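Trainee: I would like to learn how to read surface and fold features in a model. Please take them one at a time.

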Amino acid sequence: MQADLIQEARRQAEICNACRYCEGYCSVFPALHRERAFSDGDITQLANLCHNCRGCYYACQYTEPHEFALNLPKALAEVRQDSWKVFAWPRRFAGLFDRSGVAIAFGLALGFAIVFALMLALRPESGQGFYAYMSHGVMVAIFAPAFLFPLLALTIALRSYWRAIGGGDWSFSDVWQACKSAGRMTNLDGGHGDGCNFEDEDRFSQARRHFHQATLYGFLLCLGSTSSGTVLHYGLGLEAPYGLISLPKLLGVPGGILLCIGTAGLAWLKLKADRNLGAPDAWGGEMAFVLLLFAVSATGLLVYAATGTAIVAALLPIHLGAVLAFFLLTPYSKMAHGFFRMAALTKEAVLQRAQ
Ligand code: SF4
Ligand code: SF4
């Protein structure tokens, strides 16, 4: 971890620990007030608990021009961003994305789309729906490793994180508490339920919370759609294409719509918000991730809407290219934040249970 980032966050955390004005704002402050001194692991844990709602910045009487120059959202965002790079596996890929995130995300998606378009020349002679363009076997051979590799990389990264913060033993009830907090996005309600200050300075707004929820639930519905398709195919021998009244479509279509709305909203809020209250160097990479996720959902919906027409041949490679780039970049992009945040919320649940 970069010592100067940790040291600056520690300095600010110590001031907050004496002040305690922001006590009820989010999970960071109860966790902070529990400590008398902050190890590097404590600071890393606080950074991953912070949701960058910015409520504490706009409430603070010690921001610049005060000599304390408090900017806790920024200090924690920079440590958080650094922690994802330090724990990333393989380490050499870390940091790649936030240096030139937009170029990497869209270059990779475009490159894969071209390869998929060329592969259409090898399309099977039979098959229905998407499988008329690419056989089921080829799809599985490409996407199964592309799905499993990020899971492996994230598991290794989270194990390193858990050790660094002194995670200790956890129970399923701790994970359940973390899931409830993430599902309700309680850390984005400002502690009073009126929302956060992300994009509107000292005006409270629920926009970021709701767009985040749309993105999270949209993503989970799409995951449920793909999983149910796998069960239907391998478990029940029911092969795609599936009709509108089928589990893959009943989950996938609303999931895709929610993902589009959520990611478009998050990108819009990001453009409005003050970049100096986050990690400015990571802004481009974060925006690239949001736009890539939007591209995945929008092209998925377009492919579905165009089913049965010749346009599918042009749209399908673009959609598959975006999905493949998204999977492979997941451990090194903003997508990793969801996994680290779940680990941080689980650790917080462990500590609360022990109190
Ligand atoms: S952010 Fe400012 S007001 Fe809030 S606890 Fe820290 S020092 Fe106090
Ligand atoms: S930015 Fe929001 S989530 Fe982060 S410490 Fe401040 S109040 Fe808590």
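Mentor: Begin with the surface: Phe147, Leu148, Leu151, Tyr217, Leu220 and Leu223 make a nonpolar patch of about 520 Å². Helices α8 (136–164) and α10 (207–235) each give two or more residues to this patch. This is a predicted model, in which local features need pLDDT of at least 70 and side-chain atom pairs count only at pLDDT 80 or more, while totals for chains, interfaces and linings use all residues. Residues are numbered from 1 along each chain as its sequence is written, and side-chain values use heavy atoms, without hydrogens and water.

Trainee: Is leucine 151 buried or partly exposed?

Mentor: Buried means under 20% relative accessible area, exposed over 50%, and partly exposed in between. Leucine 151, in helix α8, has 39% relative accessibility and so counts as partly exposed. Of the 355 residues in the protein, 49% are buried.

Trainee: How many helices and strands does the protein have?

Mentor: Helices (H or I, at least four residues) and strands (E, at least two) are DSSP runs, numbered from the N terminus. Here there are 14 helices and 0 strands.

Notes
Chains lettered and ligands numbered in written order. Patch = residues over 30% accessible without salt bridge, like charges linked within 9 Å, V, L, I, M, F, W, Y side chains within 5 Å. Areas by Shrake-Rupley, 256 points an atom, 1.4 Å probe, with all protein chains shown as cover. Salt bridge = Lys/Arg side-chain N within 4 Å of Asp/Glu carboxyl O. Buried < 20%, exposed > 50% of the residue type's maximum accessible area, 1.4 Å probe, protein only.
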